[in-house]
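The sequence and structure are shown first.

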Amino acid sequence: MPSKSPISGGRRIQTRRSGVHGNGVFAVQDIAEGETLIEYKGEVISWKEALRRHPHDPTQPQHTFYFHVDDDRVIDGNVDGNASRWINHSCEPNCEADEQNGRVFIKALRNIAAGEELNYDYGLIIDEPYTKKLLSEFPCWCGSADCRGTLLAPKDDDEGKKKKKKKKARKAEKKAEKQADKKSAKADKKKNAKAEKAEKSDKR
């Protein structure tokens, strides 16, 4: 079971207790967009070995320090890992995980102020259908206004449905705007006609 004591993450970042979940990693100084902050370190193992080792903590079976690299390899941050394993998930992240030739680097998505907690979207995907029970097993506590309530990433079909809904909403909005413009134009026309009539009457 991994230690929960704070671990130094280097000069620019530091690990300490998080208000989101357990430990978290925080910026010690201002960080610029695009900066590489840390590499996700750990023992590179096969998926078969990862399944054998699972779970890292029997009391939290869904919480692991695995980072999926490809269909054959997993980084186990619980073995020879560093501060990167403590970076929490967010549905509105300020960092991203960038895979390069089998290595994973955590980079800043935007400017990050000193004192901010670092986070990235875990983007967990499970093949089985997303039932309420399954979603409840992977809760998210990021607190973002865009929080989807789970660490699981939306599946392609879900994303498609959301895009269609947004598209329909945009169409409905445009239709409403056109109707409002037509009504406004009619009202202006009537107003102008009345003004012209009143002007002619005054001239008489």
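The model is predicted: local features need pLDDT of at least 70, side-chain atom pairs count only at pLDDT 80 or more, and totals for chains, interfaces and linings use all residues. Residues are numbered from 1 along each chain as its sequence is written, and side-chain values use heavy atoms, with hydrogens and water left out.

**Sheet**

Strands of a sheet pair through backbone hydrogen bonds, either parallel or antiparallel. Here, three strands in the order β3-β9-β8 make up an open sheet with antiparallel pairing. Strands are DSSP runs of E with at least two residues, helices are runs of H or I with at least four residues, and both are numbered from the N terminus. Two strands pair if DSSP finds at least two bridges between them. Because β3 (36-39) and β8 (95-100) each have a single partner strand, they stand at the edges, and one side of each is left without a neighbour in the sheet. From one strand to the next, the twist averages 30°, with axes taken as lines fitted to C-alpha atoms and angles running from 0 to 180 degrees between N-to-C directions.

The antiparallel strands β8 and β9 (residues 103-108) are joined by six bridges. Asp-98 has Phe-105 in β9 as its bridge partner, and Gln-100 stands opposite Arg-103 in β9. The two strands form a hairpin with two residues between them, and Asn-101 in the turn has a positive phi of about 50°.

**Aromatic pairs**

The structure holds four aromatic pairs. Rings of Phe, Tyr and Trp (its six-membered ring) pair if their centres lie within 6.5 Å; planes under 30 degrees apart count as stacked, over 60 as edge-to-face and the rest as tilted. Two of the pairs are tabulated.

| Pair | Centre to centre | Angle between planes | Class |
|---|---|---|---|
| Phe-65 and Trp-86 | 5.3 Å | 80° | edge-to-face |
| Phe-67 and Tyr-120 | 6.2 Å | 40° | tilted |

Phe-65 lies in the loop between α1 (47-53) and β5 (66-68), and Trp-86 in the loop between β6 (73-76) and β7 (88-89), so this pair ties together parts 21 residues apart in sequence.

Phe-67 lies in strand β5 and Tyr-120 in strand β10 (residues 119-120), so their pair ties together parts 53 residues apart in sequence. Both Phe-67 and Tyr-120 are buried.

**Charges and polar contacts**

The charged end of Arg-85 sits over the ring of Phe-65, 5.6 Å from its centre. The charged end of Arg-16 sits over the ring of Phe-26, 4.1 Å from its centre. The criterion is that NZ of Lys or CZ of Arg is within 6 Å of the ring centre and within 35 degrees of the ring normal.

Asn-23 lies in strand β2 (residues 23-27) and, at 4% relative accessibility, counts as buried. Its side chain makes a polar contact with the side chain of Arg-17 (3.5 Å). Such a contact is a pair of N or O atoms within 3.5 Å; within protein, one must be able to donate a hydrogen and the other to accept it, and residues adjacent in sequence count only if both atoms are side-chain atoms.

How values were computed. Buried means under 20% relative accessible area, exposed over 50%, partly exposed in between (1.4 Å probe, protein chains only).
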